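Please look over the chain shown below together with its model.

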Amino acid sequence: MRAMVLEATGRPLAERELPDPEPGPGQLLLRVRACGVCRTDLHVFDGELRDPKLPLVLGHQVIGEAPDGRRLGIPWLGWTDGECRFCRSGRENLCDRALFTGYLVDGGYAELAVVDEHFCLDLPEGYEDAEAAPLLCAGLIGYRALRAAGDAQRLGLYGFGSSAHIVAQVARWEGRSVFAFTRPGDEETQAFARELGAEWAGSSGEAPPEELDAAILFAPIGELVPAALRVLAKGGTVVCAGIHMSDIPSFPYELLWEERSVRSVANLTRQDGAEFLELAPKVPVRAQVEQLPLAQANEALERMRAGRVRGSLVLVP
């Protein structure tokens, strides 16, 4: 099979011909039809996530076709032991022995991919392959972060990329007010956020016209934590949705006082997948995607690094 391979962190992906993967017991071999590009891929590429499997095929928003013709999704969570205290308490996203797609096992920047049959997701009807791919991480992590934000009526989204443009649609459908924060001067993305129903859009250093009940941080920038706390109402929550973030600077306790909180979201559960993929067509969530050929994976990663993406990028073998 043809694949884009990470041979060493920080080194451009290499286009390689690899032996077709062989599924083991309980696994399925899928023909990849589309694979979304995620900021987590960039964190693995840069070595910010430690000890990846190398050489590695990145990609964990995979739409694939099984030998029997079923269309299935391969998400970030690739396997858990099912026995630890986290798995047994409904928190398989925190399993110490978990394997993650496109990080500890090969992912979908390839023509073929293997998945544990218990960890692939059934996909809703009404979505083309490329439209469905971003639902599998951008959508799922956004959904988990939105639930962590509670019933916040006034919701801030810091970093209006792949996840935020999906979660904004869900939040508006639920009747919430959305406030979008972007890089300073990024008027194009701010206009995009308003197109999707944001009541206000501005730079991450600005204060919105109203205090926020919750803020979700998709941008991996630690300085945004105190910035979000400054515009948060009493009792509000800052949810850090990324898998990696630069160091959070110190801030005065008064920003946290009055029962404000800061929390993180880690990975996802299969229950998250089932719930969100049932919800998505009801909204309906429509991911705005740009398709690129598999050979342009390096370009896709660099565009994500530079913030030159409207919605989501999807690689198509």
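## Basis of the report

This is a predicted model, in which local features need pLDDT of at least 70 and side-chain atom pairs count only at pLDDT 80 or more, while totals for chains, interfaces and linings use all residues. Residues are numbered from 1 along each chain as its sequence is written, and side-chain values use heavy atoms, with hydrogens and water left out.

Two or more lining residues come from each of helix H1 (39-46), helix H4 (138-148), helix H5 (162-173), strand E12 (177-182) and helix H9 (297-306), helices (H or I, at least four residues) and strands (E, at least two) being DSSP runs numbered from the N terminus. A pocket here is an open set of points, on a 1 Å grid over the protein atoms alone, where a 1.4 Å probe fits, with protein on both sides within 12 Å along at least five of seven lines, and lining residues have an atom within 4 Å of a point. The largest pocket holds about 910 Å³ of space, where a volume is the space filled by probe spheres set on grid points that are joined across faces, edges and corners. Its lining has 22 nonpolar, 16 polar and 4 charged residues (Ala, Val, Leu, Ile, Met, Phe, Trp, Tyr, Cys and Pro count as nonpolar, Asp, Glu, Lys and Arg as charged, and the others, Gly among them, as polar).

The second largest pocket has a volume of about 330 Å³, and of the 19 residues that line it, Gln-27, Val-105, Asp-106, Val-114 and Val-115 are the closest to its centre. Strand E9 (112-116) is one of the elements giving two or more residues to this lining, and E9 gives the most, with 5 residues.

## Helix H5

Helix H5 has 12 residues and reaches 18 Å from its first C-alpha to its last, close to the 16 Å expected at 1.5 Å a residue (the expected span is 1.5 Å times one less than the number of residues). Because 10 of its 12 residues are buried, H5 is largely enclosed by the rest of the structure; buried means under 20% relative accessible area, exposed over 50%, and partly exposed in between (1.4 Å probe, protein chains only). The buried residues of H5 pack against elements including H4, E12 and strand E18 (312-316).

## Ala-34

Ala-34 lies in strand E3 (residues 27-36) and is buried, with a relative accessible area of 0%. Leaving aside residues up to four places away in sequence, Ala-34 touches Gln-61, Val-62, Ile-63, Asp-129, Ala-130, Val-314, Leu-315 and Pro-317, a contact being heavy atoms within 4.5 Å.

## Salt bridges

A salt bridge is a side-chain nitrogen of Lys or Arg within 4 Å of a carboxyl oxygen of Asp or Glu, and by this rule the count comes to 22. One of them joins Lys-53 to Asp-106, with the closest N and O atoms 3.0 Å apart. Lys-53 lies in the loop between H1 and strand E4 (56-57) and Asp-106 in the loop between strand E8 (99-100) and E9, so the pair ties together parts that are 53 residues apart in sequence.

Arg-310 and Glu-195 meet in another salt bridge (2.7 Å, N to O). Arg-310 lies in the loop between H9 and E18 and Glu-195 in helix H6, so this pair ties together parts 115 residues apart in sequence. Arg-310 is partly exposed at 35% relative accessibility, whereas Glu-195, at 54%, counts as exposed.
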